[in-house]
Each structure stands twice: as C-alpha cells, then as structure tokens.
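Colleague: Please put the model on screen. I have a list of questions about it.

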Amino acid sequence: MLYEDPVTGIDIEKQTATTISGKLLKYGTLIVATGCSASRFPEKIGGNLPGVHYIRDVADADSLISSLEKAHKLVIVGGGYIGMEVAAAAVAWKLDTTIIFPENHLMQRLFTPSLAQKYEELYQENGVKFIKGASIKNLEASSDGHVAAIKLENGSTIEADTVIIGIGAKPAVGPFERLGLNNSVGGIQVDGQFRTGIPGIFAIGDVAAFPLKMYNRMARVEHVDHARRSAQHCVKSLLTAHTSSYDYLPYFYSRVFEYEGSPRKIWWQFFGDNVGETIQVGNFDPKIATFWIDSGKLKGVLLESGSPEEFQLLPELAKSQPIVDKSKLQSASSVEEALEIARTSLQAAF
C-alpha cells in the first residue's frame, strides 16, 4: 500500500514510523523486510548512463528487456548469478555477449576452479566471451549520451550499447541502523526468531543477519527460499507460542539455456556449506558433482543435471553431514556411483 511512500525514519520510544511524505504510522510490532539494493557504479564513472542496467525488481527487468530488444553488443559486468543467467538468455537472443569480472573464474564464491571451467567452456560454445581478472576504469558515452563502451584499467576498450552491472547487492538497512547491524556479514542483527535488539521489532529475509544454527555462525542469505522461510518462522513465532530457533540449510540453484532449440539445458543445485576440500566426479556429460568434505564430514554437495531422486538426496546429505570415505568418492567412476557411496554413508550414520 505504501510502496511509493517508503519509511524514512522510526521512533523506537514512541513506536512510530515516518514516511517520505510525512505520514506517521503507529506500530505495535514492526517487521523490517526491506531486502537489498543492487550495488551500483558511481555516477562519475558512468554508472547512471542511459543503457546501463541494474537488476533488482520487476521494473528493472522490464527496462532491461526493452533495451535488449534494440541491443547488438551486450557487456555484463560481474561473473556471479546475474552474469551467468543474463548471459545465457542474451545469447539465445543472438546478442554479441561479453562477461567481464575481476576474479579468475565464474561464481568464485561457490564454484571450484575446475567446476567453473566446465561451465565457462559451455558458455563459450554458446557464444559468450569472457574477460577475466579485469577491472573497470569507467563507462564511456557516445555523442548522444548513451553508453557506448567500457574502458578497462589496462587501457583496453570494449564496445557496448547495453551494459548490465551485476556486482552484488547491499542490505537495505536505510533508517533502521539503530536496530543494530552486524559488521561481518552486514544487515540487521537478529536472533533465531528474527528478533532485533529492540523489543517488538523483527527483521527477515535478505536484510537479516541471523544465526546459521547448523554451522554455528552468523549469516545473511540472499535467496527467495530463505526470504519465504524466514517470514514464515518469524510470523509463527509472533502468533503462537513457537520458540524454536530458525534452522536453515543453505540452498542455491540455477536453470539456464532452457529455451526452445537449446542443445543443452543446465540445471544445478547446491545444498550445504562449501568448506573444506573438494572431490569432483563426472565429466559434465551432462552430469557432474562436487562434494565438499571437512574433517571427514560431507558438508556440501553440488549436482548438475541430476534426476529428481538424486536432487532429493542432496538436502538429506547436507543436513546429516555423514562421515564419508574420501578414497571411495575419488575412485567413483560415475556421478551415480558417487551419490550411492554418499547415500550409503548417510544410512550408516543412523
């Protein structure tokens, strides 16, 4: 109802929130669900030029689609989710597509170098070009003021009539800093029931820094699955005598190249924690799996092109963290065999 009239301040003592238009809203319970805002390039280096896009909401997506219908040369800055998913869609539109990022490989926060290489090769086969280890100096405009190129710190220039910046997001704490922020993961600090340090005020979703119970650390998760589950847990705590702490299992997935006529569809799922050493099984033909093992325990697993039954096994493994025989996993001749070894370890744990 007040989407166009955001809150600009709160008075904790009087339990009121003030909106940008000056409205005063009285509350008994306040839930902060402001999410995140896209990280942007500064205006002084061309971050707001016409033809430069950031993706965070439906309006952003609509604006991007309108630009892509007229685009010829697309440059995507960032090698994470936004970069991978937009690039896969763009080449389906037959656009000249380049991804630029400062890291050594795609999805550096999750993928191992060897796993990233498999996906990079597939993207290149589909026409995507990569410029890795690159830093942006500025975006350049044409005579009409529209973005025309990206200049790198090494002096080279890449032509572009459409640019998408996908370099992450920042928790939208806005006027809620007084509630207490977490300096390590960002966002508003909450407990296992999403209560802030102020009675009657809660924070959920992307903006909340919450205890990741199974790993005994604070975390902030930017994912629709967590947004929904945290909201459910918070409201249940409010409306009932429910007092259990939120126990979330980190989960990420991506589905790309699923358009009609695509020679190869991609669908991977990851559950757990990507810590410890890794074992990779499979040749990406189409399956490949990566297992993360720490102190002998299976902490996380990523699977590409699994069957429904195989995908269903992943959260069970990540939740239970069974002790696994690394040598057996390493010698597995197929993804199916590796998953069966993991399943057997799971059964042995009970």
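**Patch, sheets, rings and backbone**

Colleague: Which helix gives the most to the nonpolar patch?

Modeller: Helices (H or I, at least four residues) and strands (E, at least two) are DSSP runs, numbered from the N terminus. The helix asked for spans residues 224–239 and supplies 3 residues. The one that gives the most is helix 4.

Colleague: What kind of model is this?

Modeller: Residues are numbered from 1 along each chain as its sequence is written, and side-chain values use heavy atoms, with hydrogens and water left out. Local features need pLDDT of at least 70, side-chain atom pairs count only at pLDDT 80 or more, totals for chains, interfaces and linings use all residues, and the model is predicted.

Colleague: What accessible area do the residues of the nonpolar patch have together?

Modeller: Patch residues have over 30% relative accessible area and no salt bridge; like charges are joined within 9 Å, nonpolar side chains (Val, Leu, Ile, Met, Phe, Trp, Tyr) within 5 Å. A salt bridge puts a side-chain nitrogen of Lys or Arg within 4 Å of a carboxyl oxygen of Asp or Glu. Here the patch is formed by I31, V235, L238 and L239. Together their accessible area is about 330 Å².

Colleague: Is L239 buried or exposed?

Modeller: L239 sits in helix 4. Buried means under 20% relative accessible area, exposed over 50%, partly exposed in between (1.4 Å probe, protein chains only). L239 has 70% relative accessibility, so it counts as exposed.

Colleague: Which residues of strand 13 are buried?

Modeller: In a regular strand the side chains alternate between the two faces of the sheet. Strand 13 (residues 162–165) is covered on both faces.

Colleague: Which residues stand opposite I165?

Modeller: Strands pair if DSSP finds at least two bridges between them. Strand 6 (residues 52–54) runs parallel to strand 13, joined by 3 bridges. Strand 7 (residues 73–77) also runs parallel to strand 13, with 4 bridges. Opposite I165 stand Y54 and V77.

Colleague: Which are the edge strands of the 3-stranded open sheet?

Modeller: The order is 15-17-18, with mixed pairing. Each edge strand pairs on one side only. They are strand 15 (188–189) and strand 18 (217–219).

Colleague: What stands opposite F210?

Modeller: Strand 17 (residues 208–212) pairs with strand 18 in the antiparallel sense, over 3 bridges. In strand 18, the residue opposite F210 is A219.

Colleague: Why does D206 count as buried?

Modeller: D206 lies in the loop between strand 16 (201–203) and strand 17. Leaving out residues up to four places away in sequence, its contacts (heavy atoms within 4.5 Å) include R56, R220, E222 and H226. D206 counts as buried because its relative accessibility is 11%.

Colleague: How are the rings of F252 and F270 arranged?

Modeller: Rings of Phe, Tyr and Trp (its six-membered ring) pair if their centres lie within 6.5 Å; planes under 30 degrees apart are stacked, over 60 edge-to-face, the rest tilted. The structure holds 16 such pairs. For F252 and F270 the centres are 6.5 Å apart and the planes at 20°, so the pair is stacked.

Colleague: How far apart in sequence are the parts that this F252 and F270 pair ties together?

Modeller: F252 belongs to strand 19 (residues 251–256) and F270 to strand 20 (residues 266–272). The separation is therefore 18 residues.

Colleague: Which proline is joined by a cis peptide bond?

Modeller: Most residues other than glycine have a negative phi, and most peptide bonds are trans. The bond from D285 is cis, with omega about 5°. The proline, in the loop between strand 21 (277–281) and strand 22, is P286.

Colleague: What is phi of M107?

Modeller: M107 lies in the loop between strand 8 (96–101) and helix 3 (113–125). M107 is buried, with a relative accessible area of 8%. Its phi is positive, in a residue other than glycine, and near 45°.

Colleague: And what is phi of F257?

Modeller: F257 sits in the loop between strand 19 and strand 20. F257 is buried, at 2% relative accessible area. Phi is again positive, near 55°.

Methods. Accessible areas come from the Shrake-Rupley method with a 1.4 Å probe; for residues, only the protein chains shown count as cover.
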